[in-house]
Amino acid sequence: MPQAAVEFEVRYAETDQMGVVHHANYLVWFELARTRYCAEAGLPYPEIEARGYLMIITRAEQDYRRAARYGDTIRASCRLDRVSRRGLQFSYRIERGDELLTTGSTRHIWVKKDNLQPCSLPEELLETFVVRRT
């Protein structure tokens with residue numbers, strides 16, 4: 001399955017006094033990879049919002065294997081696991097070189113931006129993700 005990835009260096013602000021990345025930052029890194037995925041699929045997140053839709057997270061999971069530390073070069077990757085008219089599920093890998101640090105997933109539902117009510121995504125937008133997935 002196609003995936004998107006982004007590389008970056010761990011910043012001091014993302015760590016605790018021991019130089020270890022705080023667990024909440026992994027969700028931010030998931031978002032970086034997910035945003036890259038949407039852009040590479042041909043539907044950048046600002047365009048999704050401009051068309052009147054938002055992706056609301058309904059579930060987030062993380063499994064930690066090793067700690068990331070200040071100054072590490074990290075690769076956050078994202079792939080689309082499930083797509084439907086009403087939602088998406090993404091999975092993530094956080095790696096330092098060849099070393100797997102964290103895996104995770106997020107589930108999302110589509111809502112209308114103006115009223116935050118769940119909705120179905122129009123076919124032309126949905127096709128962007130379906131085509132990218134295959």
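A charge sits over a ring if NZ of Lys or CZ of Arg is within 6 Å of the ring centre and within 35 degrees of the ring normal. Residues are numbered from 1 along each chain as its sequence is written, and side-chain values use heavy atoms, leaving out hydrogens and water. The model is predicted: local features need pLDDT of at least 70, side-chain atom pairs count only at pLDDT 80 or more, and totals for chains, interfaces and linings use all residues.

**Exercise 1.** Find the ring under the charged end of Lys-112.

*Solution.* Look at Tyr-53: the charged end of Lys-112 sits over its ring, 4.7 Å from the centre.

**Exercise 2.** Classify the ring pair of Tyr-37 and Phe-90.

*Solution.* Start with the rule: rings of Phe, Tyr and Trp (its six-membered ring) pair if their centres lie within 6.5 Å; planes under 30 degrees apart are stacked, over 60 edge-to-face, the rest tilted. Here the centres are 5.8 Å apart and the planes stand at 75°, so Tyr-37 and Phe-90 form an edge-to-face pair. Next, place the residues: Tyr-37 is in helix α1 (residues 24-41) and Phe-90 in strand β4 (residues 87-96), 53 residues apart. Helices (H or I, at least four residues) and strands (E, at least two) are DSSP runs, numbered from the N terminus. Finally, both Tyr-37 and Phe-90 are buried (under 20% relative accessible area, 1.4 Å probe, protein chains only).

**Exercise 3.** Work out the strand order of the open sheet.

*Solution.* Strands pair if DSSP finds at least two bridges between them. The 5 strands run β1-β3-β4-β5-β2, with antiparallel pairing. β1 (3-9) and β2 (53-64) each have a single partner strand, so one side of each lacks a neighbour in the sheet.

Terms used. Buried means under 20% relative accessible area, exposed over 50%, partly exposed in between (1.4 Å probe, protein chains only).
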